Amino acid sequence: MHLARIPRIRVAHLPTPLEPLERLSAALGGPEIWIKRDDCTGLSTGGNKTRKLEFLMAEAVAERADVVLTQGATQSNHARQTAAFAARLGIACHVLLEDRTGFREADYTDNGNVLLDRLHGATIEHRPGGTDMNAALDEVRARMAAEGRRPYAIPGGGSNPTGALGYVDAAQELMAQADAMGLAIDHLVTATGSAGTQAGLLVGLEGVNAQVPLLGIGVRAPREKQEQSVYALACATAERLGVPGIVAREDVVANTDYVGAGYGIPTPGMIEALEMFARLEGILLDPVYSGKGAAGLIDLVRKGRFRKGERIVFLHTGGSVGLFGYGFALDAPKERAA
Ligand SMILES: *Cc1c(COP(=O)(O)O)cnc(C)c1O
């Protein structure tokens, strides 16, 4: 497979840094923890969707789209990065936001990612929680096409075989970086939601025969469902690249023990993870994805899932702008006595 043959609009600041987390590693007393900073991709505060959108937006431009549509939860990082990318290309952006959590607080409904969606000039429509959002997206696409526009619809999270190419590339970037630094990686850990990140990484790791196990920490679906959607997308992505069958079902591993009450609902473990990264490393996680992913990582280190001396890379997928949508739900900003 040869990614340079595939149309792409290069916007992300790459390669993103790969750094040791010395104080976090010392505090946990287990493996050596490193971080891959995909929160630093550069577009409108960064995050993992930027890599996917480089391939998706190239497709939109090739189809001469005049409006890009996508969907997500109210505090969608994907919607925000899509709005920013579209602004940069001078294409209109329309987003459908699902009220998946039921939070009524003004910060949740208007601050954080929503504030930035609007600032980038996106138009917004809302849908109640439980809506079939990809069907809703298709309805809006058909409506716009009937009005004579040229819409390009991006599925939730940018997770289709085109978007996942961004994480095929990221896996290869990570391995090249680790090789150049002499860092032998024992495990890679990431939050997993709409599956494109984990699926793309699996194909990219297999593509260079890295033999680095990948663990996804789920933020929404139960394990079997999550693993199936990652596997299906990994298979479709490998096929698109002309290497069908390179990902085995047993390489798809998701741990969904850290979801808590549901998607976007805070958990004590997530809040602890936010505080540990903020206070030990000066790094901001987010409440919906990287915070729950890191909560899983921290708990699994404490439970001895990784051996002392092993080197773990945690992929920071971004989203810290979501903190401003969640102030009401977090203990973190409370001041401590001097
Ligand atoms: C979307 C997102 C994820 C999950 O990535 P998927 O490709 O949807 O599985 C993780 N972290 C952040 C911050 C995200 O916005």
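Visitor: What makes up 81% of the contacts in the protein with a separation of 6 or more?

Guide: Residues 24 or more positions apart account for that 81%, where a contact means heavy atoms within 4.5 Å. This is a predicted model, in which local features need pLDDT of at least 70 and side-chain atom pairs count only at pLDDT 80 or more, while totals for chains, interfaces and linings use all residues. Residues are numbered from 1 along each chain as its sequence is written, and side-chain values use heavy atoms, with hydrogens and water left out.

Visitor: How do you know whether the radius of gyration agrees with that of a compact globule?

Guide: The globule rule, with the radius taken over C-alpha atoms, is 2.2 Å times the number of residues to the power 0.38. For 338 residues a compact globule would come near 20 Å, and the protein has 19 Å, so the two agree.

Visitor: What makes C235 count as it does?

Guide: C235 has a relative accessibility of 26%, and so it counts as partly exposed.

Visitor: How many disulfides does the rule give?

Guide: A disulfide is a covalent bond between the sulfur atoms of two cysteines. The rule asks for a pair of cysteine sulfur atoms within 2.5 Å, and by this rule the count is zero.

Technical notes: Buried < 20%, exposed > 50% of the residue type's maximum accessible area, 1.4 Å probe, protein only.
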